[in-house]
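Good morning, and thank you for making time for this presentation. Please look at the sequence and the structure together while I speak.

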Amino acid sequence: MTLQDCYAAFGGNYADVSARLHSDRLVQKFMLKYLDDQSFGLLCTSMAEKDYEQAFRAAHTIKGICQNLSFTPLLNSSSELSDALRHGWTPEADQFFEQVKIDQLALTTAIQAFREECEV
């Protein structure tokens with residue numbers, strides 16, 4: 001699996017990130033580092049505990065990472081969630097959170113598959 005294939009698998013924009021980082025080595029490095037980021041876990045915990053201020057910060061962090069790495073679907077859903085939580089919980093927040101979970105799973109599944117192929 002190539003980086004391009006990986007990005008295609010989760011709907012990311014490889015051309016955009018490649019133009020931004022100018023190196024496949026850097027794209028791969030930061031893409032793989034995403035698997036270690038704790039923001040999604042913090043988001044899940046915060047939403048479960050109804051700590052919407054902390055959930056907003058976690059969603060906003062995810063949005064920033066996704067913007068820098070052109071993780072387009074998760075960028076879009078985390079942006080919607082961040083906006084919905086900006087001033088506390090809103091009725092839309094739960095729906096957006098569900099989409100974030102779907103997009104996060106698609107992203108991490110593709111990155112893990114890429115990583116496994118690279119380790120062989």
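Predicted model: local features only at pLDDT ≥ 70, side-chain atom pairs only at ≥ 80, totals over all residues.

His22 sits in the loop between helix 2 (14-21) and helix 3 (24-33); helices here are DSSP runs of H or I with at least four residues, strands are runs of E with at least two, and both are numbered from the N terminus. Residues are numbered from 1 along each chain as its sequence is written, and side-chain values use heavy atoms, with hydrogens and water left out.

To return to His22: this residue has a positive phi of about 60°, although it is not a glycine. Is His22 buried or exposed? Its relative accessibility is 68%, so His22 counts as exposed. The terms are set as follows: buried means under 20% relative accessible area, exposed means over 50%, and partly exposed lies in between, with a 1.4 Å probe and protein chains only.

Lys50 is not a glycine either, yet has a positive phi of about 60°. With a relative accessible area of 59%, Lys50 is exposed.

I turn now to the interior. In soluble globular proteins, nonpolar side chains tend to be buried together. A nonpolar core is a set of buried Ala, Val, Leu, Ile, Met, Phe, Trp, Tyr and Cys residues joined through side-chain atoms within 4.5 Å. Which members of the largest nonpolar core touch the most other members? This core has 35 residues, and the ones in question are Tyr7, Met31, Leu43, Phe71, Leu81, Leu85 and Ile111. At least two core residues come from each of helix 1 (3-10), helix 2, helix 3, helix 4, helix 5, helix 6 (72-85) and helix 7 (91-119). Take Leu81 as an example: residues up to four places away in sequence aside, Leu81 touches Leu43, Ala59, Ala93, Phe96, Phe97 and Val100, where contact means heavy atoms within 4.5 Å.

Next, the packing of the helices. Two packed helices are described by the angle between their axes and the distance between the axes. Axes are lines fitted to C-alpha atoms, for helices over the stretch in contact, and angles run from 0 to 180 degrees between N-to-C directions. Angles under 35 degrees count as roughly parallel, over 145 as roughly antiparallel, 65 to 115 as roughly perpendicular, and the rest as oblique.

Helix 1 and helix 7 pack at about 160°, with axes 8 Å apart, and are therefore roughly antiparallel to each other. In this pair, Leu3, Cys6, Ala9 and Phe10 of helix 1 meet Ala106, Leu107, Ala110, Ile111 and Phe114 of helix 7. By class, this contact has nine nonpolar, no polar and no charged residues. For these classes, Ala, Val, Leu, Ile, Met, Phe, Trp, Tyr, Cys and Pro count as nonpolar, Asp, Glu, Lys and Arg as charged, and the others, Gly among them, as polar.

Helix 1 also crosses helix 3, at roughly 45°, and their axes come within 11 Å; the two are therefore oblique to each other. Here Leu3, Cys6 and Tyr7 in helix 1 meet Asp24, Val27, Gln28 and Met31 in helix 3. That contact has five nonpolar, one polar and one charged residues.

Helix 2 and helix 3 pack at an angle of about 110°, with their axes 8 Å apart, and are therefore roughly perpendicular to each other. Tyr14, Val17, Ser18 and Leu21 in helix 2 meet Asp24, Leu26, Val27 and Phe30 in helix 3. By class, there are six nonpolar, one polar and one charged residues in this contact.

Gln104 is found in helix 7 and is buried, with a relative accessible area of 9%. Which residues does Gln104 contact, leaving aside its neighbours within four places in sequence? They are Tyr34, Phe40 and Leu74.

Ala113, also in helix 7, is partly exposed at 28% relative accessible area. Ala113 and Cys6 are 107 residues apart along the chain, and their C-alpha atoms are separated by 8.2 Å.

Thr72 lies in helix 6 and is partly exposed, with a relative accessible area of 27%. Neighbours within four places in sequence aside, Thr72 is in contact with Gly11, Gly12 and Asn13.
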